[in-house]
Amino acid sequence: MENRKKRTHHLILASHTNLKFKETLPIEWGAKDPLQRGPVVASMTDNKARNAIGAHSGSYTVYRAMSIASGKFPPLHRPDLNNTQSPVPLGPYAQWNDPTKIVSLDPWGLDPGIHFKPLFDKGYDIRPTIAVTQAHLQIPEISQAISQGRLKSDGKVVLANGDVKVTKVAIEPVWYLPGMAARLGVDEGDLRRILFQETGGMYPEFVTRRDLKVWLPPIGSTTVYIFGNPLDLSDSKVTLTCRVHDECNGSDVFGSDICTCRPYLMYGIEDAARTAQNGGVGLIAYYRKEGRALGEVTKFLVYNARKRQVGGDTAATYFHRTECVAGTEDARFQEFMPDILHFFGIRKIHNLHSMSNMKYDAIVKSGIEVENRISIPDNLIPKDAMVEMEAKKAAGYFSKDGAKTAAGLKKVRGRQIDE
Ligand SMILES: [Zn+2]
C-alpha cells in the first residue's frame, strides 16, 4: 500500500456501489487463530482496507474530526505502538473462540501488534481497541476503611500509605452485528435498519453493505479495575469479588446524594481489595451508561419531575416518573454486559456486588455461575437515596430484607425542589 502524504478530499459514499476491495481482510468472528479470525480494520488511513462500519475511539471520533478540521491533527497519522503492550499476558481464553459469548467487544483488539504482526508488516493500519496498564488508587473512603480497621495495608494490594494497587483495562465497543441481533432475539436486517434510522442515517453501510458485519459505535467505552492477579480471574477456584457498575457521574464523581451509586461503588472497591488481600481477586467493571443509558439530561429532568409531583418524591412513583419522561424506565440492555467478564475468562463470581436482577440474570444466562449476591449495607445509603433504594427493592431488586408494602412506599420521601 502506498504511503500518501494527504488524505484524499474525494468522498466515497458506501451506497454508491459495491465497494469490495482486494485489500479488505475477511473477519471470521470467533475463529480460534487470530489470523484466521482476521483483524478489525477501521482506521481512515487506507479506505480500501477497511472491513468495519464506523471508526475508532467511540464517541471521541467526533473530537478527532474537529481536530483534523482545525488543522491541528495530521489526518494520516498512524500510532507508534512500540512499548504500548499490556503488562500482563491476558488470554486467549476459551470464550474468545465462541462467536456467541463475546459480541460487543473484540478480544483480539488487545495488542493487535502482536497477534497480527504479519499484517502490520504488510502495512495494514490495525489499531488496538483494548489497552491495559497499572495504577495506584487514592480514595478517601478507602483511607477511612483503613483508619476504621476494615482494611489493612499489606504492602502488596494496599500499600503503607493507603494506595491501592490495580491493573486497569480500557475497552472500546466493537459490535458484531449478527451476534448482537441473535443475543437480542431480533432479525439482523431489522436491527441494521433501526440503527440506520435512529442514528439519523449516520452509517449508510448498515443497509447498503450487508457484507460488513462489524460496527464501532460512537458510544462510551468500559473500564475495568482489577485487584490482585488479573490472570486469576479465569480460575474459578480463586475467590472473585465483582461489581458491574453503570456510570452515574453526579454521584460517582461529585457525591450527589440522591442515589447510592458512589457508596455502592466504594464498598465494592473496598471488598474487591480485601478479597485480593485474602488470596482472591477483585474486579470492578465501569460501564459508560449514564442514567440507565438514557443520558444525564433525561436524568435531571426526571429528578425535577419527581421532586415537583403531587405528593412529593416517593418510592411509590420512582420508576413511573422516569418512564413518563424517557419513554422507558431503563435502556441499558444488560444482555451485552457479561461480554467483558468473558473477555477475562471468568466462569464463576463468588461475590457479586449488585442488587439488579437484570444484571444477575444476564450474567447467569451467559454461563457464569454466581455464588453470593451482596447488597449495599444500610448504613452506606444516603438519606435522600432511600426513595431509589426502596423503589428498587419493591421492583424486585435483590435484597436480604425484602421490600416495603405499597403504603410503606408512599411514606419513603425525598427532598422537594429548593429544599
Ligand atoms: Zn446514581
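Donors here are N, O and S atoms within 2.8 Å of the metal (3.2 Å for Na, K and Ca), and water is not among the atoms, so sites may look incomplete. This is a predicted model, in which local features need pLDDT of at least 70, side-chain atom pairs count only at pLDDT 80 or more, and totals for chains, interfaces and linings use all residues. Residues are numbered from 1 along each chain as its sequence is written, and side-chain values use heavy atoms, with hydrogens and water left out.

Let's start with the zinc ion. Its protein donors are the SG atoms of Cys248, Cys259 and Cys261, at 2.2 to 2.3 Å, and their spacing in sequence reads C-x10-C-x1-C. Cys248 and Cys261 link distant parts of the chain, 13 residues apart. Helices (H or I, at least four residues) and strands (E, at least two) are DSSP runs, numbered from the N terminus.

Now for a helix pair. The axes (lines fitted to C-alpha atoms over the stretch in contact, with angles from 0 to 180 degrees between N-to-C directions) of helix 12 (residues 296–308) and helix 13 (residues 318–326) come within 9 Å and cross at roughly 130°. With contact meaning heavy atoms within 4.5 Å, Thr298, Leu301, Val302, Ala305 and Arg306 of helix 12 meet Tyr318, Arg321, Thr322, Val325 and Ala326 of helix 13.
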